[in-house]
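Biologist: Hi! Could you walk me through a few spots in this one?
Modeller: Happy to, here it is.

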Amino acid sequence: MNAGLPPVTWLYVPGDRPERFAKAAASGADVVIVDLEDAVASARKDEARANAVAYLRERPAGGPAVHVRVNDLAGDRGRADLEAVGDLADAVRLPKVEDPAVLDGLPDGRAYALLESAAGLVRAEAIAAHPAVAGIALGEQDLAAELSITAEAALDHLRLRAVLAAAAAGLPPVPMSVYPDVRDEAGLDASCRAGRALGLFGRTAIHPRQIPVIRRAFRPGEQETARALEVVAAAERAEREGIGAVALPDGRFVDAPVVARARRTLALARHLAP
C-alpha cells in the first residue's frame, strides 16, 4: 500500500484454515485479517489461535499487513487471544467494543475497534478518540439484527455516525463492512460506490474474488482524476509564482483542503491503476 493512503481492501481468512493464509497474502489485499472470532467454531478456536501465532512468526517479509480479529475481550478467550497475538500482529481487531474502558492498557495505535451494537455506536466518539485505536469499523449485520433495521437509509445513518466519529478523532476513513454474496459482483460494486459517496473508504472482503471489484469501485474515475490534476497544477503554479490564492482556469478559487484532497485522489488513482 502506498504511504499516506489508508488500505482499500481487507481480506478475512478463517484462523482454522491455515492452508489459506498464504493465498490470502497473495490475493492483492492491502490487509489480511486472520479471524479467530465469527469464522471459527467454538471447538476449533484454540487451534485457530495456534495457527495464527505460527503464521505470524513465520510469515515472509514484504507481504501485506496482517491483522488478527480476536474474540470478545469480555471473555477469557478474547484476552488469551490478545496475549498470544498482540505483539506479533500488525494490529488487532476487537469485536463488540461498547466502552472505551475496555481499550485501557492496550498499546497506542494498534487496535481497530468494531462497533457492532447500539451501545458501541452511541459511544463511537469516545471509542474513536481512545489512544489505542487506529481505526473503527461497523459490524453492520449485528447492528441490523439488534435494531431490526431493514431500510438502507437507516443503515446509512449509522454509517455516517461512524464516519463523523472517525473524522473527529483524526482516524483514517471507515472501511465498509463485508458484502456477504460473493457471487454478486454487480451488487458489490454498486454497494461500494454508494458507501464511497457517504465518506466510507475501502472494504473488508470474505473472498479473494471480491478484491478486484472493490479496487475498481474505489478507483477515481476519469473526470475525478482530471479535476484533481487541474487543481494540483493550479496549486503548483500558484506556489511557483508566490501567489497565495489558487485559481483554476475557469476563474474558480480553491483552498488548501481541496488541494490536499486532489493530491490524495491522484495518489489513489496511481495506486489502483489497472
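Biologist: Great. Where is Ser117 found?
Modeller: Ser117 is in the loop between β5 (111-115) and α4 (118-122). Helices here are DSSP runs of H or I with at least four residues, strands are runs of E with at least two, and both are numbered from the N terminus.

Biologist: And what am I looking at, in terms of source and numbering?
Modeller: This is a predicted model, where local features need pLDDT of at least 70 and side-chain atom pairs count only at pLDDT 80 or more, while totals for chains, interfaces and linings use all residues. Residues are numbered from 1 along each chain as its sequence is written, and side-chain values use heavy atoms, with hydrogens and water left out.

Biologist: Thanks. Is Ser117 buried or exposed?
Modeller: Ser117 is buried, at a relative accessible area of 8%. Buried means under 20% relative accessible area, exposed means over 50%, and partly exposed is in between (1.4 Å probe, protein chains only).

Biologist: Which residues does Ser117 touch?
Modeller: Leaving out residues up to four places away in sequence, Ser117 touches Glu98, Leu143 and Glu146. Contact means heavy atoms within 4.5 Å.

Biologist: Switching topic, how many salt bridges are there?
Modeller: The count comes to 21 salt bridges, each being a side-chain nitrogen of Lys or Arg within 4 Å of a carboxyl oxygen of Asp or Glu.

Biologist: What about Asp76 and Arg79?
Modeller: Their side chains meet in a salt bridge, 2.3 Å from N to O. Asp76 and Arg79 are three residues apart in helix α3 (residues 76-85), so about one helical turn separates them. Asp76 is exposed at 59%, whereas Arg79 is partly exposed at 42% relative accessibility.

Biologist: Nice. Which residue does Arg209 pair with?
Modeller: Arg209 forms a salt bridge with Glu185, and their closest N and O atoms are 3.6 Å apart. Arg209 lies in the loop between β7 (203-205) and α9 (210-218) and Glu185 in helix α8 (residues 185-197), so the pair ties together parts that are 24 residues apart in sequence. Arg209 is partly exposed at 39%, and Glu185 is partly exposed at 33%.

Biologist: And Arg252 with Asp250, what's the N to O figure?
Modeller: It is 2.4 Å for that salt bridge. Arg252 is partly exposed at 43% relative accessibility, and Asp250 is partly exposed at 45%.

Biologist: Last one: which residues are linked in a network of salt bridges?
Modeller: Asp35, Glu37, Asp38, Arg69 and Lys96 are linked that way.
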